[in-house]
Amino acid sequence: MLDFVLKISHYALPALAVAVLALCFSALLKRRPPSLGEARLINTVNGDSFPLVSRETSIGRHKNCDIILNYPTVSRLGAIIVCTKSGWYITGINSEADVLVNGKKPEKKQLLKTGDKISLGSISLIFDNKQG
């Protein structure tokens with residue numbers, strides 16, 4: 001009996017592993033991330049345009065930020081903009097960062113709409129998204 005179980009498991013376990021991998025792979029293909037659209041930030045000081053090309057974009061003065069604003073009034077790690085299924089959101093990284101959206105401090109996260117004015121220190125950026 002033990003020989004029979006060992007012979008079956010020799011073929012059954014690899015077949016089961018292949019089936020599980022196939023199911024995982026198909027689930028990944030079905031779960032499409034939301035479209036990023038053509039979202040960007042426009043610097044009102046000099047007109048520079050910063051396209052938002054990833055799902056999470058950090059903004060600040062630090063060299064590791066995705067969008068570097070080299071102005072002394074901008075916090076080193078100022079804000080993060082995140083793309084979700086329901087839209088683009090902004091949040092301040094820490095309480096010391098002077099981040100305002102349309103003149104108000106955002107709560108935990110705030111939904112962004114085209115035309116919203118994001119202030120980091122004395123710098124203003126306009127959020128623009130062709131899809132919404």
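1. Two strands count as paired if DSSP finds at least two bridges between them. Keep that rule in hand for the strands below. Note also that this is a predicted model.

2. Start with strand S5 (79-84) and strand S6 (87-92). How do S5 and S6 run? They run antiparallel, and six bridges join them. A hairpin of two residues connects S5 to S6. Find Thr84 and look across to S6: its bridge partner there is Gly87.

3. S6 has another partner. Strand S8 (residues 110-111) pairs with S6 in the antiparallel sense, over two bridges. Two bridges are what the rule asks for, so S6 and S8 count as a pair.

4. Now turn to S9. Three bridges join S7 to S9, and these strands run antiparallel. Val101 has Ile118 of S9 as its bridge partner. S9 also pairs with S10 in the antiparallel sense, this time over four bridges. There, the bridge partner of Lys117 is Ile126 in S10.

5. Look at the turn between S9 and S10. It is a hairpin with two residues between the strands. Which residue takes a positive phi in this hairpin? It is Gly121, with a phi near 65 degrees.

6. Next, the interior. Nonpolar side chains in soluble globular proteins tend to be buried together. Here the largest nonpolar core has 21 residues. Leu41, Ile81, Ile118, Leu120 and Leu125 have the most contacts inside it. Five strands each supply at least two residues of this core: S5, S6, strand S7 (99-101), strand S9 (117-120) and S10.

7. Leaving aside residues up to four places away in sequence, Leu120 touches Ile59, Leu69, Val74, Gly78, Ala79, Asp98, Val99 and Leu125. Leu125 is also on the list of residues with the most contacts inside the core.

8. How many salt bridges are there? The count is two. One joins Asp128 to Arg40, with the closest N and O atoms 3.0 Å apart. This pair links distant parts of the chain: Asp128 lies in strand S10 (residues 123-128) and Arg40 in strand S1 (residues 40-43), 88 residues apart. The other joins Asp128 to Lys130, with the closest N and O atoms 3.6 Å apart. Through shared partners, Arg40, Asp128 and Lys130 form one network.

9. Is Asp128 buried or exposed? Asp128 counts as buried because its relative accessibility is 12%, and the cut-off for buried is under 20%. Its partners sit otherwise. Arg40 is partly exposed, with a relative accessible area of 27%. Lys130 is exposed, at 57%.

10. Finally, the cysteines. A disulfide is a covalent bond between the sulfur atoms of two cysteines. The model has zero disulfides. Cys65 is in no disulfide: the nearest cysteine sulfur, that of Cys83, is 19 Å away. Cys65 is buried, at 6% relative accessibility. Cys24, at 44%, counts as partly exposed.

Technical notes:
Residues numbered from 1 in each chain as written. Predicted model: local features only at pLDDT ≥ 70, side-chain atom pairs only at ≥ 80, totals over all residues. Heavy atoms only, no water. Salt bridge = Lys/Arg side-chain N within 4 Å of Asp/Glu carboxyl O. Buried < 20%, exposed > 50% of the residue type's maximum accessible area, 1.4 Å probe, protein only. Core = buried A, V, L, I, M, F, W, Y, C linked by side-chain atoms within 4.5 Å. Contact = heavy atoms within 4.5 Å. Disulfide = S-S within 2.5 Å.
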